Amino acid sequence: MRKSTLKISALGLILSFATAFGQEKTTDSLAVKDAVKSATKTEEGVKTVTTSSKEDNNRNVMLNAANNTSPRDVNIGLPSTVGGITILENDLPAVYFFWPELPNKTWRQSVGLEKTGLLKMDQLANTMGDLGFAVNSYSQTGTKDFKLKGKFTTSTFGWLQGDVNASGPISKNGWTYTVGAFANFDPSTYKLGFTRNVDETKIFRAGVTKYFNDDKGKISIQYKYADSYSITNYAVFQYGPEGKVTELDNFRIGRDSYVVRDGKIKMKDILSGETYWANMDGNDSRNTSHNIDIFGNYLLNNGWNFKFSTRAHFATAKSSNIIPLSIFNADAASGYTIASTGQAYTGAVGTQLAMHTPKTPITNIAGRFSLNKQLGNHNVTFGILEQYYNIDKFTSNRSFFFQTVEPQPQRLIGPTTDADGFYNYNAGGEFHSGTENKLSVYGTDEWKVSDNFNLSYGLHLRNHIIDGEYSLTPRTVGFNFTDPSQFNSINQSFFQIAGSLNATYNISKNFGVIANFLYTEENRRLESYSQAFEPNTNKIKSPLGALGVFWNTDYIQLISQATYLKKNNNLNRYNLVNPANTTQAQNVTVYYDIQTIGWTTDFVVKPFKGFNLHYLLTLQNPVYKKFNFNAFGTAYDYNDNNVLGVAKVLMEIDPSYTIDKWRFWASFRYFSKQYANLTNALYFAPRWETFGGVSYTVNKNINLGATVINFLNQRGASGTINGAELITDASPYYGKLLTGTYIMPLTGQFSVSFNF
């Protein structure tokens with residue numbers, strides 16, 4: 001009796017965890033198609049889902065609707081974070097912690113990467129002890145034959161990106177080399193008043209690889225240098241009934257800049273007390289880093305494969321950021337003048353928060369060592385992970401200022417500002433310094449119990465140590481540290497557990513069930529001590545369970561599943577405005593839980609040759625639990641309110657068609673309304689994100705591509721509405737000017753790729 005084994009990593013094991021919670025599902029039709037095509041066929045009979053694939057190499061996490069610089073953020077039903085999706089390079093995090101060194105300051109999708117995929121949630125929990133998805137990439141190593149590959153990309157707005165990598169032999173005894181360069185000059189879709197590019201990033205790589213005799217493996221030593229700055233823009237729009245936003249006559253969403261015209265902010269150093277000016281671009285907001293990686297594998301004589309990856313990462317982080325807070329109207333009696341001219345100003349005034357982190361040294365030393373072997377029906381892995389992190393005197397200096405509400409706004413001087421237009425220096429400023437160390441051991445087993453039953457499970461044990469200093473001194477207006485006694489020591493040690501258990505069972509040849517359980521723990525990080533209070537260091541526990549069915553034929557691959565996820569001890573700080581008296585504000589720290597129940601159906605159909613349609617539907621209900629606090633003498637209870645910024649209905653439609661040397665594709669993503677304040681009275685209307693493209697293979701070495709982002713030219717907004725956390729009536733906000741994030745306007749991108 002012959003049987004057939006079908007690998008459906010995209011359909012089964014990845015979707016089985018996250019699509020019920022995915023705010024932005026990332027499997028496109030080609031990803032699932034390629035996963036299915038990679039099936040290995042042995043004997044005919046029962047089709048079983050195998051779990052040997054650690055990651056899906058084709059899932060499209062690069063189609064970001066907001067910018068060209070970062071991977072698509074894969075949300076799992078929890079509020080999105082500043083850091084977004086975790087990025088691994090050579091099995092180690094590109095950065096240990098996303099702030100102040102964001103991952104895209106040292107990592108970009110590039111031909112300098114030999115392989116890029118999306119690590120499954122269970123694999124991230126088992127190997128890293130963390131919750132979520134991760135982009136897992138591997139640097140291009142030296143090759144035994146000469147290879148040259150590259151890509152040039154441009155857009156209708158003047159985006160220029162060049163990317164090239166060369167590799168080849170050095171000697172006949174197994175030594176090879178690799179060298180590459182990546183340069184990005186991106187003006188985005190709007191014009192700043194002080195510089196051309198919103199993002200400038202340069203990455204250079206060089207390394208050597210030694211191949212061991214008898215195909216025993218290889219070892220690579222690589223150096224990477226990265227230099228990057230990027231600027232974030234916001235849109236101004238008018239809020240209306242049913243969560244709809246209206247574009248202003250004098251401000252185009254995504255086409256105009258809301259960043260102050262001269263790109264300068266005035267700060268007070270929280271350590272020295274000195275005032276200074278910082279720029280939004282260039283040296284005041286630039287990250288530089290040096291990476292030395294040693295990685296590879298060696299096949300031992302007893303059949304165990306020894307895999308290793310080590311990294312020394314030395315970075316200097318500097319960061320300038322401006323965040324819009326509110327918009328109000330000023331009349332002639334208000335006393336506002338334009339800073340650059342002294343001219344009196346009346347009209348809409350934007351309140352802005354400026355944050356600057358001066359030069360901050362960061363060191364990260366990390367290593368992963370593992371052994372893997374196929375033992376009968378078991379594929380077993382044991383590993384050790386070490387991560388050391390040091391940040392020296394991190395500060396976030398802060399100030400506030402006013403600006404006009406127009407494209408390339410001008411800074412204003414008001415009755416409460418200094419002569420340059422700034423006020424409230426270092427109110428809420430941040431400081432922490434010290435080290436974190438995480439030492440982990442883990443093990444996984446992929447067990448083929450029978451022809452129709454598979455188990456995959458893993459356990460991750462971690463010791464997390466925090467050693468540093470912080471301060472409980474309140475950060476009042478004009479604050480700076482003046483006395484060493486203002487600093488306190490941090491000495492914390494935590495033991496954390498993570499792991500997963502996945503089971504698949506074929507009831508018939510084409511139909512089966514899937515059950516999954518995943519669990520992670522974490523405690524606070526060093527960053528949690530940056531404000532003037534003692535953080536709650538109780539365990540943050542995240543259990544996730546799922547149960548579903550799958551059905552696979554030659555024409556359709558389908559999975560449908562329900563999932564439950566909970567995360568406790570979340571921390572947030574709110575600047576609340578009293579609904580009864582808008583002149584009163586209060587800062588409140590809230591610890592709360594989040595619970596999500598969802599149902600996802602995902603399928604791929606191939607009705608005729610060359611055509612492929614992927615469809616995803618997710619229904620979810622993420623809500624707050626234990627969300628209680630007191631403000632302005634009133635007790636508030638937001639239990640069972642929907643989580644901010646997470647859609648309850650998600651849909652993705654991805655058709656593609658291939659004929660001869662041409663491939664045509666499109667992607668439609670739907671997001672239902674997203675709540676914009678804690679009471680759920682305010683929300684943003686549903687929106688679509690659209691992509692489309694065509695590629696043409698000139699020959700085996702050259703490929704041409706064209707992509708259109710937002711080809712329906714949709715206008716939409718997302719995020720939260722500041723100062724509205726306690727509002728229960730939306731009508732006073734109708735017609736008001738608000739700010740928020742947005743998707744890119746209609747944009748065309750063109751690329752030429754070569755591979756010799």
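**Exercise 1. Work out whether Ile 292 is buried, partly exposed or exposed in this predicted model.**

Solution. Start with the number: Ile 292 has a relative accessibility of 42%. Now bring in the cut-offs: buried is under 20%, exposed is over 50%, and partly exposed lies in between. So Ile 292 counts as partly exposed.

**Exercise 2. Explain why strand 8 is largely enclosed by the rest of the structure.**

Solution. Go through residues 134-139: six of the six are buried, so the rest of the structure largely encloses strand 8. Then check both faces. Ala 134, Asn 136 and Tyr 138 point one way, Val 135, Ser 137 and Ser 139 point the other, and all are buried.

**Exercise 3. Identify the sense in which strand 5 and strand 7 each pair with strand 8.**

Solution. Take strand 5 (residues 86-89): its pairing with strand 8 is parallel, over four bridges. Here Leu 88 has Asn 136 as its bridge partner. Now strand 7 (residues 113-119): it runs antiparallel to strand 8, with six bridges joining the two. On this side, Thr 116 sits opposite Ser 137.

Conventions. Residues are numbered from 1 along each chain as its sequence is written. This is a predicted model: local features need pLDDT of at least 70, side-chain atom pairs count only at pLDDT 80 or more; totals for chains, interfaces and linings use all residues. Side-chain values use heavy atoms; hydrogens and water are left out. Buried means under 20% relative accessible area, exposed over 50%, partly exposed in between (1.4 Å probe, protein chains only). Two strands pair if DSSP finds at least two bridges between them.
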